[in-house]
Amino acid sequence: MTAFLDARTLPDGTTLSPDLAIIGGGPAGISLALALRDSPFSVLLLEGGGLSFDAATQGLYKGARTGEPYVPLEESRLRFLGGSSNHWGGYCRPLDPIDFEERSWVPNSGWPFGIDALKPYFPKAQALVEAGPWLYDDMPRHLGGSDPKAMTLGAGGVYTSFFQFSKTRNDTHGTYFGERYGDDLKAAPRIATWLNAGVTALKLSHDAQRLETLDVATLNGKRFTILADGMSSANRYVGAVTLNGKPLDRVWIGHDEIMRGGTLRFTMSATPNKTWGSSTASRPYSMSGY
Ligand SMILES: Cc1cc2nc3c(=O)[nH]c(=O)nc-3n(C[C@H](O)[C@H](O)[C@H](O)COP(=O)(O)OP(=O)(O)OC[C@H]3O[C@@H](n4cnc5c(N)ncnc54)[C@H](O)[C@@H]3O)c2cc1C
């Protein structure tokens with residue numbers, strides 16, 4: 001077993017020359033690294049986060065949203081080993097042939113190959129997401145029922161399709177790739193995994209045909225500590241809160257406050273402090289506007 005390496009412990013200017021570098025230890029990066037474990041290549045897997053959530057690292061995902069309204073980037077995508085699979089829903093389904101076709105009503109649609117090019121890899125992907133035997137749209141037959149009848153709504157229409165669920169053994173959650181495959185990465189002698197190693201630049205050769213180097217940076221090490229003084233099963237209410245030694249009378253803190261580093265200290269008590277954080281100004285902002 002080779003332990004993961006924390007890039008923050010490396011001296012400035014450290015260089016490495018692996019045969020292959022994979023940027024990002026989410027489902028894609030981990031699957032790719034494991035697919036290469038028996039190849040003759042040395043593989044460096046660079047993961048921007050650590051083994052669990054860290055507010056400062058997560059803050060790097062802050063960015064502008066365009067298009068359809070959605071949850072802020074830094075709240076939906078997760079930046080640590082396993083990536084967003086650390087809170088994904090586990091819904092699995094193979095792509096449909098139409099997903100590969102150019103459709104005039106879908107901007108930038110059309111892949112350079114069709115579904116047949118990917119089909120040989122589906123069983124491997126199914127095993128990695130641990131979604132059980134490949135049934136999907138054969139589900140009704142498998143369950144002994146008749147084929148579902150499609151509603152007739154003209155060409156294209158509506159059809160019935162089935163999802164299967166990723167499920168880590170003995171658990172009800174979908175497969176968390178970091179947790180599930182961490183030991184496999186460690187056991188692969190040719191895969192080195194660096195944590196807290198954010199790739200900040202890709203430098204191409206003059207003819208732009210080859211990636212010559214990539215830069216890796218770590219955060220400056222500012223820490224944000226949360227303490228809960230006196231916490232016990234009896235003391236489970238918030239009595240008072242300080243942020244960096246000053247009283248804090250609101251029930252939220254800002255991203256900038258976390259990024260600056262500091263200490264958020266809760267003093268726990270056996271009875272609720274009904275005056276703390278109860279004024280209108282203490283309330284958190286509302287995403288829905290209500
Ligand atoms: C709330 C939620 C629910 C979802 N539910 C489902 C579902 O039910 N079914 C489904 O199929 N999909 C679901 N998804 C989508 C699924 O999680 C993603 O498609 C999948 O995680 C993408 O994998 P990835 O490896 O491409 O990227 P990610 O999971 O985003 O992983 C990227 C990795 O790269 C790292 N990284 C980022 N930048 C850098 C950098 N500069 N240097 C080094 N490392 C870096 C990150 O820390 C992260 O670990 C869901 C997503 C969310 C957010």
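A residue is called buried if 20 or more other C-beta atoms lie within 10 Å of its own, exposed if 12 or fewer do, and partly exposed in between, with C-beta atoms placed from the backbone. By this criterion, the buried residues of α1 are Pro-27, Gly-29, Ile-30 and Ala-33. The model is predicted: local features need pLDDT of at least 70, side-chain atom pairs count only at pLDDT 80 or more, and totals for chains, interfaces and linings use all residues. Residues are numbered from 1 along each chain as its sequence is written. Helices (H or I, at least four residues) and strands (E, at least two) are DSSP runs, numbered from the N terminus.

**Domains**

- The chain is divided into domain 1 (5–90 + 166–217) and domain 2 (224–282), with bounds that come from an automatic or database domain assignment.
- Taken over C-alpha atoms, the centres of domain 1 and domain 2 are 33 Å apart.
- Contact between the domains involves 4 residues of domain 1 and 4 residues of domain 2, where two residues are in contact if their C-beta atoms, placed from the backbone, lie within 7 Å.
- On the side of domain 1 that touches domain 2, the residues divide into 2 nonpolar, 1 polar and 1 charged; Ala, Val, Leu, Ile, Met, Phe, Trp, Tyr, Cys and Pro count as nonpolar, Asp, Glu, Lys and Arg as charged, and the others, Gly among them, as polar.

**Sheet**

- An open sheet is formed by 4 strands in the order β1-β6-β3-β2, with parallel pairing; two strands pair if DSSP finds at least two bridges between them.
- The edge strands, each pairing on one side only, are β1 (5–6) and β2 (20–23).
- Strand β6 (residues 191–195) is joined to β1 by 2 bridges, and Leu-5 has Trp-194 as its bridge partner in β6.
- β3 and β6 run parallel and are joined by 4 bridges; Leu-44 stands opposite Ala-192 in β6.
- Of the 5 residues of β6, 4 are buried, and the strand is mostly covered.

**Helix α1**

- α1 lies across β2, β3 (43–46) and β6, and runs at about 155 degrees to β2; axes are lines fitted to C-alpha atoms, for helices over the stretch in contact, and angles run from 0 to 180 degrees between N-to-C directions.
- The cover over the buried residues of α1 includes β2, β3, α7 (177–187) and β6.

**Ligand shell**

- Around the ligand are 26 residues, of which Gly-24, Gly-26, Gly-48, Gly-83 and Gly-89 come nearest; a residue is near a molecule or strand if its C-beta atom, placed from the backbone, lies within 6 Å of it.
- The shell divides into 9 nonpolar, 14 polar and 3 charged residues.
- At least two residues each are supplied by α1 (27–35), β4 (91–92) and β7 (198–204), and the largest share, 3 residues, comes from α1.

**Phe-80**

- Phe-80 is found in the loop between α3 (73–76) and β4, and it counts as buried because it has 21 C-beta neighbours inside 10 Å.
- Phe-80 and Leu-51 are 29 residues apart in sequence, yet 5.8 Å apart in space, C-alpha to C-alpha.
- Not counting residues up to four places away in sequence, the residues touched by Phe-80 include Gly-49, Phe-53, Asn-86 and Gly-178.
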